[in-house]
Amino acid sequence: MKKTVAFFMILCLLAAAFAAVAAAENVAAVPELTITRRPIPENEAMEFLKKMGVGWNLGNTFDAVKDKWTINADEMMLETYWVGKDVKTSEAMIEAIHAAGFSSIRVPISWHDHVSGPDHEISEKWLARVQEVVDWAYNRGMYVIINIHHDEDQFLPASSHYEESAHYVECIWKQLAARFRDYDERLIMESLNEPRLMNSAYEWVFDPNAAECIDAADCLNRLNQLFVDTVRASGGNNATRYLMVPAYDAAPGNALRDSFILPTDSAENKIIVSVHAYTPYDFALNLKGGDKFYTQAQKVEIVSFMNSLYNQYVVNGIPVVIGEYGAMVKGDNLQDRVDWAAFYVATASARNMPCLYWDNNVFSGDGERFGLLNRKTLSFPHQPMVDAIMRYGGWEKLPEAQQ
């Protein structure tokens, strides 16, 4: 009997220890910040961005693609390929995101594993499934972004590949424009995701002195223009809806270059500059980088790129959306991530640039752990991250500067 009691007490102590560790992992305080709004022009685009508010990405879901292990698999299984076979997107997941306070959702979508024929006809099953998830968010009043995501080989921005790239982009957007033609302006279309010269020395580094990069920038400008022209030509609400376009890699610095040209548009000021910024890189995205966020230099790096976008675009009334941002888990650095999220989101909100957090549903392992919503439990294991984002995310949540 004594052995049984002792064993039971040990189990209780172990359970308490594990509970304490779990609780400690989720304890972090949202910092007090005094960041205030910057002046912005008064126009429809700026008001539209205010309404977009706080955003979230349904990452590693419809953007998953086939590889040598799944080449012959049913196309519909790809939705769960990168997030787990038992975490198919549900309406309850979208409701959990909406209930948490997120008002915008980006749905990254890859298409090349779901098309057939010379004109890339999209599988009806795949398109209907995408639309179902879009509707769950849209019908809740959320702003929804759809795009062409991991189809990099199909939209390679190079003259040697341009005809095939243009044909692919035009075919996909003709079909999507027709499918979503009657949705109101809360449905936003984004031309491409991080367009770049795949598997080259310039994949993630744009060299303005390299002929390949100059050519890539020119081809991308043409692809973005083709996207705008294709959507606008479909009529209905597509004639005036907001459209997002990225520069090379979707990098903020490349959106500031003279080589990036915004498309001409039949609608007035309805083009949004799309950027992705996991900044500072060593803290947010580099697996081998540091796990602390506390230096002034790290903050300056965030302020610098946002100021550049603000001065070139926002001050002139041109909208900017940070379509992806995030900071991965490194050890027990929750407080650092919360401090970072608060500062990052507040700095963007002060310049009226909505941010959409990249959530890949990864919470364990030694890879890129960007998980925010646990899609199995419909909970937020790192709740203080959500608290920081909600406290400082959105133009209206920040005070005006004192005159």
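Begin by selecting α8 (252-255) and α10 (296-312), each of which gives at least two residues to the lining of the largest pocket. The model on screen is predicted.

**The largest pocket**

Of the elements that line the largest pocket, α8 has the largest share, with 3 residues. The whole lining comes to 35 residues, and the pocket has a volume of about 980 Å³. To centre the view, select E194, W204, H276, Y278 and L285, the lining residues that lie nearest the centre of the pocket. Colouring the lining by class gives 16 nonpolar, 10 polar and 9 charged residues.

**Two backbone details**

Stay on E194, already selected as one of the residues nearest the pocket centre. Its place in the chain is the loop between β6 (187-190) and α7. Check the backbone there: phi of E194 is near 45 degrees, a positive value in a residue that is not glycine. Most residues other than glycine have a negative phi, and most peptide bonds are trans.

Next, select T279 and P280. The peptide bond that joins T279 and P280 is cis, with omega at about -5 degrees. P280 sits in the loop between β8 (271-276) and α9 (281-284).

**α6 against α7**

Now select residues 162-179, which form α6, and residues 211-233, which form α7. The two axes come within 9 Å and cross at roughly 25 degrees. Because that angle is under 35 degrees, α6 counts as roughly parallel to α7. The crossing of α6 over α7 is right-handed.

To see what touches, show side chains on both helices. On the α6 side, the residues in contact are Y162, S165, A166, V169, E170, W173, K174 and A177. They meet C219, R222, L223, L226, F227, T230 and V231 on the α7 side. By class, this contact between α6 and α7 has 10 nonpolar, 2 polar and 3 charged residues.

**α10 against α11**

The axes of α10 and α11 come within 10 Å, with a crossing of roughly 20 degrees. The two helices are therefore roughly parallel to each other, and α10 passes α11 in a right-handed crossing.

Which residues of α10 and α11 meet? From α10 select K299, I302, V303, F305 and M306, and from α11 select W340, F343, Y344, T347 and A348. The residues of this contact of α10 with α11 divide into 8 nonpolar, 1 polar and 1 charged.

**α11 against α12**

On α11, the contact is made by L334, R337, V338, W340, A341, A342, V345, A346 and S349. On α12, the contact residues are P384, M385, A388, I389 and Y392. By class, the contact of α11 with α12 has 12 nonpolar residues, 1 polar and 1 charged.

For a last stop, select W340 in α11. W340 is one of the residues that meet α10, and it is also among those that make the contact with α12.

Technical notes. Residues numbered from 1 in each chain as written. Predicted model: local features only at pLDDT ≥ 70, side-chain atom pairs only at ≥ 80, totals over all residues. Heavy atoms only, no water. 1 Å grid on protein atoms, 1.4 Å probe; cavity = no way out; pocket = protein on both sides within 12 Å on 5 of 7 lines; lining within 4 Å. Points joined across faces, edges and corners; volume = space filled by probe spheres on them. Helix = DSSP H or I, 4+ residues; strand = E, 2+ residues; numbered from the N terminus. Nonpolar A, V, L, I, M, F, W, Y, C, P; charged D, E, K, R; others polar. Axes fitted to C-alpha atoms, helices over the stretch in contact; angles between N-to-C directions. Parallel < 35°, antiparallel > 145°, perpendicular 65-115°, else oblique. Left-handed = near helix turned anticlockwise from the far one by under 90°. Contact = heavy atoms within 4.5 Å.
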